[in-house]
Structure formats: C-alpha cells, structure tokens
Amino acid sequence: MAAGADAIIAEREGELTREQMIPLLQEIQAAEGFLSAEAMITVADALETPVSRVYGVATFYNQFRFAPVGEHVIEVCRGTACHVKQSLALAQHLERRLHLRDDGNSADGRYTVVRVACLGACSIAPVIKLDGAFYGHLTTEKLDALLDELEADGDAAKPDAFPSAARAPEEQRDEAA
Amino acid sequence: MKISINGKKVEAKQGETVLQVAKRSGVDVPHLCSLDWAPSPAASCRLCVVEADGSSRLLTSCTLEAADGLAVQTHTPRVLKARRAIMELLVASHPQDCLSCVRGGHCELSTLAADLGVRKARYVGAVKHHPVDISSPALWRDPDKCVLCGRCVTVCHDVQGVGAIDFTGRGFKTRVAPGFSPGLNVSECVFCGQCARVCPTGAIVERDQVDDVVAALADPDAVVVAQVAPAVPATLMEGHSKSEGVRVMLERLAAALKRVGFDAVFDTGFAADLTIVEEASELLDRVRNGGVLPMFTSCSPAWVNYVETHRPDLIPHLSTCKSPQQMAGALIREIYPKRTDLDGRRLVVVSVMPCTAKKFEAQDLDGVDHVLTTRELDHLWGRFGVDFGTCTEQAPPDPPFAETTGAGRLFAGSGGVMEAAVRTAHLLVAGSELEGDPKVAEARGREGVRRFTVTAGEAELNLAVVNGLGRLTETLDELLDPQTSLHFVEVMSCPGGCVGGGGQPYDTDVQAVKERLERLYEVDRRSRTRRAHENAGVQALYEDLLGRPLSEASHRLLHRTYTDRRPHSVQV
Ligand code: SF4
Ligand code: SF4
Ligand code: SF4
Ligand code: FES
C-alpha cells in the first residue's frame, strides 16, 4: 500500500472526480518522491477508472517518475552550449559506467541520472549538477574522477529534492534515441 | 434531412456522421481510428478527410455531423493527395514484414495503402522496437505493427468496459499496453479478443494455433477430432448461396475438415443442449434449496475471466457448468476412445470457435488441445490448398455428438442461452412443455440489457439477458440488488453473442451480427426438435453414462470450479 497516496485520497474522500487525476498524481509524487504501482492502483480505485488509463496518463507527462530517486542525483545538461561541448558523451558515459536502466536509475539504485534542457551555467559548459553542486568544463576523465571520489567518500552530500529530477523514464529514452 | 455526397442527394438521420451516411450510400471513405459501431471521439488518423462546401480546410468525416443541405466531396484530387501522404507516413514507420505477418492478405492497413495508391516508400521513418507480448494463451501483441489508431482502446474501454489496455508513454515511444506494461496474461484483460477483431494491423492477433493442428494432423500416431461451435457455420454462410441452411454449412465444413485429415467432426451444439439441461437443473436446485441467486451463465469464457480477475466475489453466482466447448472436450475424451477402441493418449481434440477466450479456457481446463478461431480456418485451408467456397461435399457430424436441437444452435447469439434455458426450465418447473411455438421473444433482440419474467406453472422466473461485457459493468449493481430479485442472468461477453466473437472475421459489423442472429432464429424455427432436453443423444447420454442431471458423473465431467485470479493491479 502506498501510505502517502492513501492519506491524500482519504483527505479528499467524496469529492474526487476523474478530472483530478493529474493533480492527485502530482500530490502523491510530491509526498512519496515518485509514483509507485501501488499508488497508481490506489488512484485508479479511487477514481473508478482502469489502471491502464492512470498508467497511460502518468507516462504521458514528463513530470512523473516511476522509481524512487537514488542516493545521488546527477543532472546532465543537454542545453545547446553543452551539446556543442559534447555533453552527450558525458551522458552516454554515465549510462555505461552506472548501468543505467530506462528510468534513469543505476542498476544498484544508488544513482539517478536525468538529462535536463539547460542548467543555466553555459559559461562552464559542459556542465553537470551532482547532488545540487555544479561541476563544469567536464570531460569523461574528470567525470570518472568525480565519481571515484564520491564512491571513496561515504559521506557524500545527500540529495536535495530536485524538481528537475521529476521526469518520466519515457522522455529520457526519447532523448537517448 | 438530406445531404449531398459527391453531388448525389442522400437521406441522413440526426446525429449521423458524414462517414456513416457515406457508407450507407455505398461510398467508402477510408478510416482507421473510427469504428462504425463504437464511439470514437479521437479523430486522430485524419484519413477520412473530405472537402465540404463552405470550409477551406479538409474536415474529418468521422466527426462531421450531417446537417441539412451540407455538401461534401469525398474523393477530390486534394483529398486523395492528403490521404496518400498520411498513409505514406504510416507506412514509413511500419515494419516492412507483410510477407511473414499473420495478417498477410487480410490486412486492413495494407489494403488501404494499396487503395490509396501507395506504391513506393517515399519516406524512411524510424521503426519502433518493442518486445512482442506472447505471454497470453489467447492473444499476442506486436506493438511495432501498431499504427496507434486507438480502435482497440476504444473497444476495450468503451464497448467492453474492461479497460485492460491504453496508450502509454508519449511521442515516438507511445504504444498501446496494459497498465505497467507487463504481459497481457498478468493484466486485467479477459481475452474477449474484441480488440483483435477491430485492429487494422497485425498488432493484436489471436495466438495462431494452425501449426499445432497441422502438426497433429501429420502425426501418424494421433487421432485428431474436431468440434465445431454453432456460430461458425452461421458465419461461414456469408458469401455463399442463401438457400443453404446452417445445417448444410456445418456438413460442408465437416467434409472439408475431414478432407484435410480430421478423423471425426462433432457438433458443439450437442454440448450446448447438454449445458442447458444441466444449467436449468442447477437453477432449479438453487431456487428450491436456497442457493445463491441470481445465477449467472458460465458459457462465455471471457465473462468467466471477468469474474475471476475483476469480481471474484461473484464466483458463487456463476453456474458451475462448464462451457459447451469444455463439456464436449471432456465427453469426447471419456467416450470416443472407448467407442472406437483407441488408446486415449492418441486422441487430439481441436475446437473450431468464434472466440479467442476459448483458447485461454482450453489451456486452463482439461479436454481440448487446440482451438482455432473462425479466422484461423482460412489459414488452415490455405495450408492444405482447400478452396472452401467450392467444396460442396457434405459429411454429417459424427456420433455420438452429432445431434443439436434448435435450442442448442441459439447458443451462438445473445439471448440464446436464456431462450434455450427457458424452454427446458419450463418443463422442470411446471412439469409441462411451453405451449405452442417455443420462441421466447423477450430474450431476443440487440439491446444491452433485457429483463423479463416468465411464468411456468405456479412459479415466476425473473430473468435478464446482458449483451456485451460493457453493458454488464454498467448494470451489475442493479442486477445484484435483492430488490430486483432476479433468478437467472445470461451474460455474453461479445456484443451480439458469439456470432460477434473476438475470433470472428475482421469485417464483422452490426449488420453482419444481425444477419447471423437471424440465421440462428431461422434454423431454430425449422428444427425438428427445439428443446434441449429433446435431444435424443443427450437423453442416451444420461441413460448410459450420467444417470441424471447434477449426478456425480456429471459433476466430474461437466462441472467446474473457479479461482480468484485477481491480477496485482486489481488486488491491492
Ligand atoms: S500488419 Fe503490417 S506487416 Fe502485417 S500485413 Fe498489415 S501491413 Fe503488413
Ligand atoms: S481481449 Fe478484450 S479485455 Fe483484453 S485487451 Fe482486448 S478488448 Fe480488452
Ligand atoms: S493495436 Fe491495432 S487497434 Fe490498437 S491502436 Fe494499434 S493498430 Fe490500432
Ligand atoms: S477515421 Fe476520422 S480521423 Fe480517423
């Protein structure tokens, strides 16, 4: 059971309509960090609508994610400046090194990698944000060094809540394609 | 109200779309996303565009409502050019494997492309790569072949009321899938196959079992027998001489099956008669002994799946009778080897059914090895070079399952089980036969829910017929309400009953269903015996093997149990 989802739905008991599916999903994601299958089933039940429809709607929007965020969140900038400076190579390197799955999480669940349109730090392109801190002028070697350091140092910063981390797996694959 | 289509004045009804009016007047406007008999608000394919007076834009005829004086042109050069361009784009991102596609030769998409004059691939598009879903024993999905027309989604949600599949993801990655995209076997799908029947491509198809049957026929150690459901001959008559009755068509089908190597062909209608005798007895038993009411029929396996996967709380309401297919399967295995002095392990039982859910059922219960849909028959003929249209030999179905009354044949249509049951229940309750013509007019018709009361002697039976799962989900609460005090409810999953089943020909539409139903009424009217309990074969079976209805032997062979099969997505 998705406790957050249950509470959110219980709060609105009796006043739910199908039009509220998206706000409801947003609220649940804000509370739980992502949309679990259980949460979507709970929503489907509450709105008396098929699960396939809730899943369909949720996967249509970029804002939803379907797995919990990892311990470390890496945002790779895919804005124009970074693109020109080979940020795709960085993204692909992360994919290989961390064995990223379709939803952007590493196979061990420790990392979440998201591609974002622009981090607004074009002057230091190509740039990534690691657990909230910017790292610019990156190469794959520098990126490796950064990750090695992170792995050696157990005390790495905890991830903040990243609004830009809230994205659907579909979209990440689209960009990879 | 009149509208003008290509300069010709045509009568139109309020609320009709131009696409519908055009079709009625013999003008076929290409369309992918809309269905003649289902709501379709999407208007996403745009193939149906027409020119209309007073509009500079091309308009989609599937959403354009007829209005008095409206004048449209359906096939102008501008329209043709637009349609071909749309089709070229669809073709560009479609896998180019028509030669090995199960729809090859029966594909609406490739026919449309040909009609629209797509002759060369002008564009090269990115082709999708999704895994093929072969998880279900009834239906296979190949999302790469999907053109996202949405017909299956419309049918599954709005017609069947199940909602097992929907559009998932966005952009190029959009596909049709069950919630959370696992295989269909662990989804909420009930395998009715209505989606497969309306899909214009090979993206959702019945699990093809033709090769299994061909292999069995080629095996010298196997004795292969067939059973044929009553809906199949009633459907095969299309395109054949009208004077031929359903019975003649069944015999022609039996002859053709024997020609390709079947050792015997039985009539599933026999088991339909038997089902009625058992089911009517069960109903009476429940009424007299305070059993759970209303009792629901159990002969439509997609409905049984619905109960098991969505509403297991209703299991006590389901009749414990197996479907005719499974009763026949069990009896063939029990009796045929003894009769023909055959080692039962050599026996292979093949059903020919209008239904994809029967494929699931055959895997779930013992008795039947392979199930071919009406559509797969064509492929079987293809393998053996049989031109069924010109095969006029006839062979009567084989004993001991050769005989069917008019009542058993009615099973193929919505209301038919009810009508047959009323005829037999009358005898059981009142001790006398229904007087005169045993037609039960209240059970017939094509409305979604038909409720009526029958008086048999002192007793009154409150009955309901539900035509299609979609109508069931809407009215279930009412049917179960003790105030309604229903005794017996017939549920057929597919609109119109088995004649509109998920394994039926692709061009099945409202008109075709209507005509098939009329053929059933006709064959019933002309039958010598019209009450299931009058079936001499059934009577003999009770004498020789079963004893009486609901006996221990009939429980062993003809009744079943049900399982709570809620998928993860319903259970939580
Ligand atoms: S579904 Fe596609 S591959 Fe199959 S026959 Fe039609 S066009 Fe060809
Ligand atoms: S078989 Fe029936 S329930 Fe299953 S997806 Fe198709 S239409 Fe829906
Ligand atoms: S599976 Fe078939 S019916 Fe469904 S959207 Fe795709 S092409 Fe259309
Ligand atoms: S049929 Fe009209 S837009 Fe598809």
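Student: Where is H99(A) found?
Tutor: H99(A) is in the loop between α6 (87-98) and β2 of chain A. Keep in mind that this is a predicted model.

Student: And what's the phi of H99(A)?
Tutor: H99(A) has a positive phi of about 50°, and it is not a glycine. Most residues other than glycine have a negative phi.

Student: Is H99(A) buried or exposed?
Tutor: H99(A) counts as exposed, because its relative accessibility is 56% and the cut-off for exposed is over 50%.

Student: Which other residue has a positive phi of about 50° although it is not a glycine?
Tutor: H137(A) does. You'll find H137(A) in the loop between β4 (133-135) and α7 (140-152) of chain A. With a relative accessible area of 45%, H137(A) is partly exposed.

Student: OK, stepping back. How many helices and strands does chain A have?
Tutor: Chain A has 8 helices and 4 strands. Along the sequence they run α-α-α-α-β-α-α-β-β-β-α-α.

Student: How much of chain A is buried?
Tutor: Of the 177 residues in chain A, 46% are buried. The accessible surface of chain A is about 8,300 Å², with 53% of that belonging to carbon and sulfur atoms.

Student: What about contacts in chain A between residues at least 6 apart in sequence: what share joins residues at least 24 apart?
Tutor: That share is 68% in chain A.

Student: Which of them point which way?
Tutor: Y111(A), V113(A) and R115(A) point one way from β2(A), while T112(A), V114(A) and V116(A) point the other way. In a regular strand the side chains alternate between the two faces of the sheet. Both sets in β2(A) are buried, R115(A) included.

Student: Which strand pairs with β2(A), and in what sense?
Tutor: Strand β1 (residues 72-77) of chain A pairs with β2(A) in the parallel sense, over 6 bridges. In that pairing, C77(A) stands opposite V116(A).

Student: Where are the cis peptide bonds? Start with chain A.
Tutor: The bond from A125(A) to P126(A) is cis, with omega near -10°. P126(A) sits in the loop between β2 and β3 (128-130) of chain A. In chain B, a cis bond joins P399(B) and P400(B), with omega about 5°. P400(B) is in the loop between α13 (374-384) and α14 (406-410) of chain B.

Student: Switching to chain B, how is it divided?
Tutor: Chain B has domain 1 (2-75), domain 2 (90-206) and domain 3 (211-558). Taken over C-alpha atoms, the centres of domain 1 and domain 3 of chain B are 39 Å apart.

Student: Which residues surround ligand 2?
Tutor: Ligand 2 is surrounded by L139(B), C156(B), V162(B), I165(B), C189(B), V190(B), F191(B), C192(B), G193(B) and C195(B). That shell has 9 nonpolar residues, 1 polar and no charged.

Student: And the residues around ligand 1?
Tutor: Among them are H94(B), D97(B), C98(B), R103(B) and K145(B). The shell around ligand 1 divides into 3 nonpolar, 4 polar and 3 charged.

Student: Last one: where is D369(B), and what is it in contact with?
Tutor: D369(B) is in the loop between α12 (357-364) and β14 (370-373) of chain B. Leaving aside neighbours within four places in sequence, D369(B) is in contact with Q209(B), R333(B), L347(B), V348(B) and V349(B). The C-alpha atoms of D369(B) and V349(B) are separated by 5.3 Å, with the two residues 20 apart along the chain. D369(B) counts as partly exposed, at 34% relative accessibility.

Definitions and conventions: Residues are numbered from 1 along each chain as its sequence is written. Chains are lettered from A and ligands numbered from 1 in the order in which they are written. This is a predicted model: local features need pLDDT of at least 70, side-chain atom pairs count only at pLDDT 80 or more; totals for chains, interfaces and linings use all residues. Side-chain values use heavy atoms; hydrogens and water are left out. Domain bounds come from an automatic or database domain assignment. A residue is near a molecule or strand if one of its heavy atoms lies within 4 Å of it. Ala, Val, Leu, Ile, Met, Phe, Trp, Tyr, Cys and Pro count as nonpolar, Asp, Glu, Lys and Arg as charged, and the others, Gly among them, as polar. Helices (H or I, at least four residues) and strands (E, at least two) are DSSP runs, numbered from the N terminus. Buried means under 20% relative accessible area, exposed over 50%, partly exposed in between (1.4 Å probe, protein chains only). Contact means heavy atoms within 4.5 Å. Accessible areas come from the Shrake-Rupley method with a 1.4 Å probe; for residues, only the protein chains shown count as cover. Two strands pair if DSSP finds at least two bridges between them.
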